Amino acid sequence: MHITVEKPEKEKLEELKVDRWSIWEHERARFDWHYDETEECYFLEGHVIVETSDGKKFEVKKGDFAVFPQG
């Protein structure tokens, strides 16, 4: 599984129309997750630690743009 995390330029966020995306909120928790298709996320606040099934860890925080592959 290849997760990417970056600090996007304002132009990229405008191109993707991030300001029109729905907002997903979740309290502190630990859970398994599966995506049926590639998921793109822009973090407005907070932070998460993502651990993949192969043991790799990624930190995603406010201002990060993350892409999670299908699966």
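Visitor: How many salt bridges does the count come to?

Guide: This is a predicted model, in which local features need pLDDT of at least 70, side-chain atom pairs count only at pLDDT 80 or more, and totals for chains, interfaces and linings use all residues. Residues are numbered from 1 along each chain as its sequence is written, and side-chain values use heavy atoms, with hydrogens and water left out. A salt bridge requires a side-chain nitrogen of Lys or Arg within 4 Å of a carboxyl oxygen of Asp or Glu. By this rule the count is four.

Visitor: What is the N to O distance in the salt bridge of K12 and E6?

Guide: K12 is partly exposed at 27% relative accessibility, where buried means under 20% relative accessible area, exposed over 50%, and partly exposed in between (1.4 Å probe, protein chains only). E6 is also partly exposed, at 34%. Their side chains meet in a salt bridge with an N to O distance of 2.9 Å.

Visitor: Which residue forms a salt bridge with K7?

Guide: The closest N and O atoms of the K7 salt bridge are 3.0 Å apart, and the partner is D64.

Visitor: Is R30 buried or exposed?

Guide: The salt-bridge partner of R30 is E51, which is partly exposed with a relative accessible area of 46%. For R30, the relative accessibility is 77%, so R30 counts as exposed.

Visitor: What is the angle between the planes of W33 and Y35?

Guide: Rings of Phe, Tyr and Trp (its six-membered ring) pair if their centres lie within 6.5 Å; planes under 30 degrees apart count as stacked, over 60 as edge-to-face and the rest as tilted. The count comes to five aromatic pairs. W33 and Y35 form an edge-to-face pair, 6.2 Å centre to centre, with an angle between the planes of 65°.

Visitor: Which residues form one aromatic cluster?

Guide: W33 counts as exposed at 51% relative accessibility, whereas Y35 is buried at 19%. Both belong to one aromatic cluster, formed by W24, F31, W33, Y35 and F68.
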